[in-house]
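Hi there,

Here is the structure I promised to pass on. Have a look at it first, and my notes follow below.

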Amino acid sequence: MPVTGTRIFSPRIYGNTLPSFRPRVFLLISISALLSLPLLVIIGSFFVPASDTWQHLSDTVLSQYIVNSLILMLGVGILTIVLGVIPAWFVTMYRFPGSRMLEWALLLPLAMPAYIIAYTYTGVLDASGPLQSWLRDITGWGFRDYWFPEIRSLGGAIAMLSFVLYPYIYLITRAAFIEQSICALETARTLGCGPCRTFFRVALPLARPSIIVGLSLVLMETLADYGTVQYFGISAFTTGIFRTWFGLGDSAAAAQLSALLMLFVMVLIFIEYWSRKQQRYHHTSSRYGSLTQNRLNGMPAALATFGCSLPVVLGFLVPVAFLIHWAFLTYADIVDAEFLTYMQNSILLAGCAALVATTLAMFMAYGKRRDPGPLTRLAVNLSGMGYAIPGTVIAVGVMLPLAWLDKSIDSFFRAEFDISTGLLLSGTLVAVMFAYMVRFLAVALKTVDAGLTRIKPSMEEAGRSIGVSGFKLIRKIHIPIMRGSLLTALLLVFVDVLKELPATLILRPFNFNTLAIRAYELANEERLADASCSSLAIVLVGIIPVIYLSRTISKSRPGHDTGT
Amino acid sequence: MLYKIVTLILGSSLLLAVNVHADEVNIYSERKEELIKPLLKKFTEHTGTRVNIITGNGDILIKRLEIEGRNSPADVLLTTDIARLYRARQKGLLQPVRSEVLKNAVPASFRDSEGYWYGLSLRSRIIVYAKDRVDPSRLSTYEALADPRWNNRVCVRSSSNAYNQSLVASLIAHDGIEATEKWAKGLVANFSRPPQGGDRDLIKAVAVGECDVALVNTYYLGGMLNSDIEEERKAASKVALFWPNQERRGAHFNVSGAGVTSSAQHKEAAVQLLEFLLRDDSQAWYARQNYEFPVKKGIEPGPTLKQWGEFNADDIKLEELGIHNAEAVRLMDRAGWK
């Protein structure tokens, strides 16, 4: 039976009542409202009268912020597509030396925080770093006698961000390639398309929606990045926000800048939505033959191995090698009992956040599917916007409503019982978790949503026709089929939270540290070597689920187990 | 039923909330944990008072204080530069503390005149120069770095950096806005590379020949001279420190300092902690561990600081730097100092 991507649910099948009157829909909208509250707080800042700061900004630096952020997005977008899509195609379709290992190794940079890779590469490639020192030693040149690419530049920032962000595209695109019906590819071949044309004419158009989902995640991360651009001295949007706040001391104008940043994001979301609507190709067959991977030999094999390992080398092996080198120099002072506590905190926090985010995402994506309509769509889209907002800004957006709630309860108890309840939620892990949901739900939502569209309504109908419904239906049909997507969502949120810094830093309770905080505090003091142990620990903790995930995806190809 | 559950939840969290330890003190600290914890541990050993700490960027901690309002658990706000202390006071987040011990320990120019905040350690932003390429007799003042003689020879950090902002604020206070803007434009024209990196990066850039002079804080040079890493020690040995503006007003000094918050529930312990941080041995710790200058007079500063010799410090009222901070940022924007 033909499956036509998006519009497959007619209201006729799912009841006649308006969606907004269902309790399920009410709950969905409430959750979305709660999660968008911090963003609305920021948008609300638009109604504060603009100070003369705006005049100053637009006279001097605002255009620079916008232009630099756009260039950054463009550069990172192109580079991540190249680094993500091409290896995804090769490891899916061909066998060459190392291809089995590269399947999962290509995901490794996911575990590397962007600011850590930026600090590390700067330490290596800087004029005073080992590489250029060695160059000067063997040639006898002075510093001004040669040209060397400047790492702390816009180009450098594009490279750093791309090296750690391309796995999003790789991950999602590879899943798409794996799921592509072999029939489409074989038909292309029998029609005389060479491998190149099959890729460009058939595989790529079919995978385009997936690539765009990955790309929008990448671009949102790029917009939200502060650590890298700040260290490289680039006047981007985020650096502008914090400079306005910290330097000019105008937090209202800073909030207004953040609201402007959200406009960027809305445009991104719109483009993604529009592009999905434009999608003209759909899988027309549900027959999945086992994928035969062509073996490459000789020169093509060498090229494939080289090309596909390049992203891993640049995004993972090189920085990890230097981190290990530094860790050997410093571990005696850094790794102690407290270090283990930090590690435990990081894992617990990331694990909880991953579970909560995936559950919420499942609920919302499913809700959108059961009760389609502009209201649910808006609700779901709104709750995913936080991904592009810098963590610090979200943290402030989280603090304000929580403090208001705490204050109201406190006032009530003071008035009624003459006791102060103090702060009940502010400064607890609840606040931290809230911020994580606002910031990272988008990741889980996009992944789960993509997985859900693969379940045909006929399967649900079949389930209902034999009397299975509600949660049982989800458990019996959706969860088994979507296992890959759910695991991907879990993992992505886990790794993202593991790396998260600014929101944790500002919202955490007293005496609570994580690996990311530890790494940042030392790296920020420019004590790179001392920061290496914590950075390595983040990477190590992140790798384990990355590898597990990759194995699951390899097995997730429909028909893999049964061999149909 | 629902009413009962709500009462139960509120009631139990109430128990938790009311359970405030009497003998503890809570700090919001801009100073990194690594650079304050050993002192706090000593304080706990000494007094039995437990210290709880959250670190983070100064302005964000101020924001958190502001949002939490009178219920904030923080007793002490500790910052690494004057502008944040000034801002916290302006927002009414600090309360005045009258303590003879504090007053006697901290010279008048390094504390708030009404006792809202006290400096704890001194941090000077000075000029470092390449020993092999710069004749120190050619160096004189911050102002002179805008001279075309230094064309393509100066490295600085971004104007987003709080220490640069304080330095420029001090120039505004001394020379006026117009003269300072002209100076900033001259300085920008002398940059040998766009502003970037941190202070240690600047020192390395001078060592390697990317520039000849740079504006950095003294303690970064101290840290590099005593680093575990050979390359850092080597780089630091290629540069020397120059105390600017010695003939007249003296070199620019900033403080790391602290104040007691308006919402403090442990005011006594908070004051006790400030007094402890100003004891002779604590002050010596700042000097030996992080190469900052003690704010208190007559402390033995250790060999690294001693080798930098005697100097005159600018004794401008530090509040002035806070007042001019925002203007300094705008001025740097106009001058094209990124």
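**What I found**

In chain B, 16 residues of domain 1 are in contact with 17 residues of domain 2. Please keep in mind that this is a predicted model.

To place those two domains: the assignment for chain B puts 22-122 together with 254-303 in domain 1, and 123-251 together with 317-335 in domain 2. Their centres, taken over C-alpha atoms, are 27 Å apart.

Which elements supply the side of domain 1 of chain B that touches domain 2 of chain B? At least two residues each come from α4 (82-90), β5 (118-130) and β9 (252-261) of chain B. The most comes from α4(B), which gives four residues. By residue type, that side of domain 1 of chain B divides into eight nonpolar, five polar and three charged residues.

Now for chain A. Its secondary structure comes to 23 helices and two strands. The radius of gyration of chain A is 25 Å, close to the 24 Å that the globule rule gives for 564 residues, so chain A is as compact as a globular protein of that length. Along the principal axes, the C-alpha atoms of chain A fill a box of roughly 80 × 60 × 50 Å.

Technical notes:
Residues are numbered from 1 along each chain as its sequence is written. Chains are lettered from A and ligands numbered from 1 in the order in which they are written. This is a predicted model: local features need pLDDT of at least 70, side-chain atom pairs count only at pLDDT 80 or more; totals for chains, interfaces and linings use all residues. Domain bounds come from an automatic or database domain assignment. Two residues are in contact if their C-beta atoms, placed from the backbone, lie within 7 Å. Ala, Val, Leu, Ile, Met, Phe, Trp, Tyr, Cys and Pro count as nonpolar, Asp, Glu, Lys and Arg as charged, and the others, Gly among them, as polar. The radius of gyration is taken over C-alpha atoms; the globule rule is 2.2 Å times the number of residues to the power 0.38.
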